[in-house]
Amino acid sequence: MTDTAATAREKRQPAATLLDLLDGPPDEKTAIVVPDGVTLSFRELRREARRTADTLAEFGIKRGDRVAIVLPNGAEVITAFIGTATAATAAPLNPNYTENEYRFYLDDTDAQAVIVPPGGAEAARRAAGDRIIIEAALDQNREMQFSSKAPRQPGRTAEAAGTNDVALVLHTSGTTSRPKRVPLKHRNLTASVENITATYQLSSDDVALCLMPLFHVHGLMASTMSTLRTGGTVVVPPRFNPLGFWPLLAEHRITWYSAVPTIHHLILARAGRHADTSNNLRFVRSCSSALPPATLAALEELLNVPVLEAYGMTEGSHQIASNPLPPEVHKPGTVGRGTGVRVGIMDDDGRLLPAGEKGEVVIQGPNVTDGYENNPEANAASFTEGWFRTGDLGALDSDGYLTLLSRLKELINRGGEKIAPREIDELLLQHPAVGEAVAFGLPHPVWGEEVAVAVVLTGDATEADLLRHCREHLADFKVPKKFFVVETIPRTATGKVQRRHVAAAIGGQA
């Protein structure tokens, strides 16, 4: 821990709300930079977040109301998020959803209003029905301008948010079932931010490159709010371009970035002559899905900084565990130790298991949601003796480092033998011709399920080659019985692999 970062944390007052997280940095310090676009100081960000909150109040929006935000990455979406969470509850949505998807999420959250860019988000507008539609954009004076056909009462101001108010509502990614609503209170989010800043010793000297979408908790909490909390600067390109990555590193003197493995893989694949290893990075963070060990090693060699795997989920306001910065040990293949969060391994009967034993990952901490919204059945299944059951299969080692093995509901059950698909993924990724691999279960009349795998090849290999590679390293019951060679693996908008979608999209070819 640097003396500067530690001293700054000691001087900071605890933040009760998201808006409080912006207190402290000097007014003129740069908060947000949009390449080839707007730059906001902390004074401007605080001012425009408050103006956003008051504008929502003028449209009749109050605490507890849900406001959907359909804005691309940029300064507007960050300002709208903080301001909306201050006046009401923010419900950011993917700008690439279809009209039917918007209709589902707007109805499910009972959104009262939708914030959209001027002239954009046509699908969201069509799905909005009689909800208030508010256009929002920063003008040349770096002031948020709002436009709507809805009646407005100028002069109304937003009621101040409290630590127990719901700031953000998101949906689970729905890897195994219908998406569930996750309400996150200000106290959950501020706790997560403090955990992240402490883990990576963030300070006002840091410049974060935000490559994650800002409708997701990863980009909102890790890349953005944690950097702003410590007076650092967030650089937010409108979209990720792997060839534009290197110029951004150099021009803005980026000190860290956080991304999903898909983005790390693309950075490596497109590096070539564009790579400039004389950068200002001090670490790279990977989260939201498993990072293949070979990718981690190649990224560390290319960038010459530690690549730290972390574990996060919506229900935990993002970060749960992370590998630490040097000189502490970071262990590739693990997601590190709990970061201000208690992490345990539990069996089916609710007993906590000792180090080395496999079971369900359970967590406790102030960042963890109090429960799903209007879903008593899911809450009954998800909480045991104050522990939240994550649905992930894992194990802790003697040093408290967590290894994730699979989603419990993604385990392949072959005649009673439970197979963690990630083990097969990682083995196939060791083959020099395999770029990506995703194992999943296919229905079988005798065994119940049989192992199948989708692979993206980057070299020459036959199915017989891949089968031979698996047989050399896996027990026979784990060896895939069907290989699907594909050009791409289906992923969510945030880069996650959902095995049930892979099985549906690819396994149906069997």
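Predicted model: local features only at pLDDT ≥ 70, side-chain atom pairs only at ≥ 80, totals over all residues.
Two strands are counted as a pair when DSSP finds at least two bridges between them.

**Figure 1. An open sheet of three strands, S24, S25 and S26.** The strands follow the order S24-S25-S26, and their pairing is mixed. Strand S24 (434-444) and strand S26 (482-485) are the edge strands; each has a single partner strand, so one side of each lacks a neighbour in the sheet. On average, and with direction ignored, neighbouring strands of this sheet are turned by 25° against each other. S24 and strand S25 (residues 448-457) run antiparallel and are joined by 10 bridges. Within this part of the sheet, Phe440 has Ala452 of S25 opposite it. In general, the strands of a sheet pair through backbone hydrogen bonds, in either a parallel or an antiparallel manner.

**Figure 2. The antiparallel pair of strands S17 and S18.** Strand S17 (residues 342-346) is mostly covered, with four of its five residues buried. Five bridges connect S17 with strand S18 (residues 359-364), and the two run antiparallel. Val343 has Ile363 in S18 as its bridge partner. As a rule, side chains in a regular strand alternate between the two faces of the sheet.

Figure 3. Side chains of opposite charge can pair when their charged atoms come close. The model contains 31 salt bridges. In one of them the side chains of Glu28 and Arg43 meet, with an N to O distance of 3.3 Å. Glu28 is exposed at a relative accessible area of 58%, and Arg43 is partly exposed at 33% relative accessibility. In another salt bridge, the closest N and O atoms of Arg142 and Glu44 are 2.8 Å apart. Arg142 is partly exposed, at 32% relative accessibility, while Glu44 is buried, with a relative accessible area of 6%.

**Figure 4. A salt bridge between Asp108 and Arg181.** The closest N and O atoms of this pair are 3.2 Å apart. Because Asp108 lies in helix H4 (residues 99-109) and Arg181 in strand S9 (residues 181-185), the pair ties together parts that are 73 residues apart in sequence. Both Asp108 and Arg181 are buried. Through shared partners, salt bridges join Arg66, Asp108, Arg181 and Glu373 into one network.

**Figure 5. The second largest pocket.** The space in the second largest pocket is about 360 Å³. It is lined by 17 residues, of which Asn73, Asn96, Pro213, Pro238 and Arg239 are the closest to its centre. The lining of the second largest pocket comprises 13 nonpolar, three polar and one charged residues.

**Figure 6. The largest cavity.** The model has one cavity of 30 Å³ or more. The largest cavity holds about 50 Å³ of space. Its lining consists of His216, Val217, Cys287, Ser288, Gly312, Met313, Thr314, His318 and Lys496. By class, three of these lining residues are nonpolar, five are polar and one is charged.

**Figure 7. Ala53 and Ala158.** Ala53 is part of helix H2. With 2% relative accessibility, Ala53 is buried, the limit for this class being under 20%. Ala53 and Ala158 are 105 residues apart along the chain, and their C-alpha atoms are separated by 5.7 Å.

**Figure 8. Backbone geometry at Pro327, Asp36 and Gln201.** Most residues other than glycine have a negative phi, and most peptide bonds are trans. Pro326 and Pro327 are joined by a cis peptide bond, with omega about 10°. Pro327 is located in the loop between strand S15 (318-322) and strand S16 (337-338). Asp36, although not a glycine, has a positive phi of about 60°. Asp36 is situated in the loop between S1 and strand S2 (39-41), and at 89% relative accessibility Asp36 is exposed. Gln201 likewise has a positive phi, near 50°. Gln201 occurs in the loop between helix H6 (186-199) and strand S10 (207-210), and at 15% relative accessibility Gln201 is buried.

How values were computed
Residues numbered from 1 in each chain as written. Heavy atoms only, no water. 1 Å grid on protein atoms, 1.4 Å probe; cavity = no way out; pocket = protein on both sides within 12 Å on 5 of 7 lines; lining within 4 Å. Points joined across faces, edges and corners; volume = space filled by probe spheres on them. Nonpolar A, V, L, I, M, F, W, Y, C, P; charged D, E, K, R; others polar. Salt bridge = Lys/Arg side-chain N within 4 Å of Asp/Glu carboxyl O. Buried < 20%, exposed > 50% of the residue type's maximum accessible area, 1.4 Å probe, protein only. Axes fitted to C-alpha atoms, helices over the stretch in contact; angles between N-to-C directions.
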